[in-house]
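Trainee: I would like to learn how to read the features of a model like this one, step by step. Could we begin with the overall picture and then turn to single residues?

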Amino acid sequence: MHQWIRFGWLVISLASITNNAQAGIVVGGTRVIYEGGKKEASISVTNPQKSIPYLIQSWVEVDSDSSNVKAPFIITPPLFRLDPGQENILRIVNINGQLPTDKESVYWLNIKSIPSSERSDNNTLQISVKTRIKLFYRPAGLQGEANLAYKTLKFTISKNKLSINNPSPYYVSFYNVKIGASEINDPGMVAPYGTHSLTVPTGVDGIISWQAINDYGGISEPTRMAP
């Protein structure tokens with residue numbers, strides 16, 4: 001019995017530490033849009049804590065399926081100390097110049113925060129937290145409006161598959177996709193000029209509706225169409 005009590009307190013303590021660490025650093029956005037006509041993009045990192053400094057490490061990577069390919073971006077500064085109450089700006093610079101000019105490209109921006117710890121002879125648990133957000137490279141001169149691209153999507157159902165066609169040059173990230181009253185789990189996003197397939201649960205039927213996430217992390221109004 002005592003062992004279970006001690007185990008319970010350990011779980012509670014670890015959860016408390018994890019929550020505090022996650023609440024430590026505030027990233028100024030849920031995605032970054034790199035406008036192709038500009039020299040750089042930026043995002044803020046803030047430490048609202050009163051006494052804990054953090055070591056901040058940042059980098060950009062391609063999708064995890066292409067881990068051997070380097071992203072064509074650098075971040076400055078890539079590694080720095082962020083003191084309590086301070087803010088710093090991460091600047092993202094395109095060092096390639098060979099990215100597609102007729103559609104958006106997507107990458108991942110990683111921001112790792114490591115809290116400082118005092119020297120001690122006692123065992124301590126130090127938790128680093130990594131924030132991972134999408135970085136969209138948007139070439140200049142694309143047709144249409146990015147935040148209206150979700151309205152151009154075409155949906156078709158065949159057996160238990162919902163196919164989503166995107167005729168626009170923009171990525172569309174879904175907040176939700178519903179068939180009737182049933183919401184499809186993990187709808188993901190559909191690439192420019194691409195098709196995205198989702199599994200339809202058995203017995204689900206009705207009007208298809210969806211909401212998208214815009215450039216600012218906001219949610220669009222629901223859009224509906226008959227299957």
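Mentor: Let us begin with the surface: the accessible surface of the protein comes to about 13900 Å², and 49% of that area belongs to carbon and sulfur atoms. Please keep in mind that this is a predicted model. The protein has 1 helix and 17 strands, and of its 227 residues 36% count as buried.

Trainee: Among contacts between residues at least 6 apart in sequence, what percentage join residues at least 24 apart?

Mentor: The share is 62% for the protein, taken among contacts between residues at least 6 apart in sequence.

Trainee: How should I read a sheet, and what is the strand order in the open sheet of 4 strands?

Mentor: Strands of a sheet pair through backbone hydrogen bonds, either parallel or antiparallel. Here the open sheet of 4 strands runs in the order β1-β3-β7-β5, with antiparallel pairing. Its edge strands are β1 (26–27) and β5 (73–76), each of which pairs on one side only.

Trainee: In which sense do β2 and strand β9 pair, parallel or antiparallel?

Mentor: β2 and strand β9 (residues 129–138) pair in the parallel sense, over 5 bridges, and Y34 stands opposite Y137 in β9. β2 is also mostly covered, with 4 of its 5 residues buried.

Trainee: How do I describe aromatic pairs, and how many does the structure hold?

Mentor: A pair of aromatic rings is described by the distance of the centres and the angle of the planes. The structure holds 6 aromatic pairs. In one of them, the rings of Y34 and F73 have their centres 5.6 Å apart and their planes at 50°, so this pair is tilted. Because Y34 lies in strand β2 (residues 31–35) and F73 in strand β5, the pair ties together parts that are 39 residues apart in sequence. Both Y34 and F73 are buried. A further tilted pair is formed by F155 and W210, with 4.2 Å centre to centre and 35° between the planes. F155 belongs to strand β10 (residues 154–158) and W210 to strand β16 (residues 208–213), so here the parts tied together are 55 residues apart in sequence. F155 is buried, as is W210.

Trainee: Which residues form one aromatic cluster with Y34?

Mentor: Y34, F73, Y107 and Y137 form one aromatic cluster. Elsewhere, a charged side chain meets a ring: R132 lies over the face of W108, at 4.2 Å from the ring centre.

Trainee: Let us turn to loops. Is E104 buried or exposed?

Mentor: E104 is buried, because its relative accessible area is 3%, and the cut-off for buried is under 20%. The residue lies in the loop between β7 (87–94) and β8 (105–115). Its side chain reaches the backbone nitrogen of Y171 at 2.8 Å, and, leaving aside residues up to four places away in sequence, E104 touches several others, including F136, Y137, L142 and P192.

Trainee: Where does N166 lie, and which residue's side chain makes a polar contact with the side chain of N166?

Mentor: N166 lies in the loop between β11 (161–165) and β12 (172–179), and its side chain makes a polar contact with the side chain of S168 (2.7 Å). N166 counts as buried because its relative accessibility is 0%. Among the residues that N166 touches, not counting those up to four places away in sequence, are T152, V172, P192 and Y193. The C-alpha atoms of N166 and Y193, 27 residues apart along the chain, are separated by 5.2 Å.

Trainee: What should I look for in the backbone angles?

Mentor: Most residues other than glycine have a negative phi, and most peptide bonds are trans. Y193 has a positive phi of about 55° although it is not a glycine; this residue lies in the loop between β14 (189–190) and β15 (195–199) and, at 48% relative accessibility, counts as partly exposed. K159 likewise has a positive phi of about 55° without being a glycine. K159 lies in the loop between β10 and β11 and, at 81% relative accessibility, counts as exposed.

Trainee: Which residues does a cis peptide bond join?

Mentor: A cis peptide bond joins T76 and P77, with omega about -10°, and P77 is found in the loop between β5 and β6 (79–82).

Methods. Residues are numbered from 1 along each chain as its sequence is written. This is a predicted model: local features need pLDDT of at least 70, side-chain atom pairs count only at pLDDT 80 or more; totals for chains, interfaces and linings use all residues. Side-chain values use heavy atoms; hydrogens and water are left out. Helices (H or I, at least four residues) and strands (E, at least two) are DSSP runs, numbered from the N terminus. Buried means under 20% relative accessible area, exposed over 50%, partly exposed in between (1.4 Å probe, protein chains only). Contact means heavy atoms within 4.5 Å. A polar contact is a pair of N or O atoms within 3.5 Å; within protein, one must be able to donate a hydrogen and the other to accept it, and residues adjacent in sequence count only if both atoms are side-chain atoms. Two strands pair if DSSP finds at least two bridges between them. Rings of Phe, Tyr and Trp (its six-membered ring) pair if their centres lie within 6.5 Å; planes under 30 degrees apart count as stacked, over 60 as edge-to-face and the rest as tilted. A charge sits over a ring if NZ of Lys or CZ of Arg is within 6 Å of the ring centre and within 35 degrees of the ring normal. Accessible areas come from the Shrake-Rupley method with a 1.4 Å probe; for residues, only the protein chains shown count as cover.
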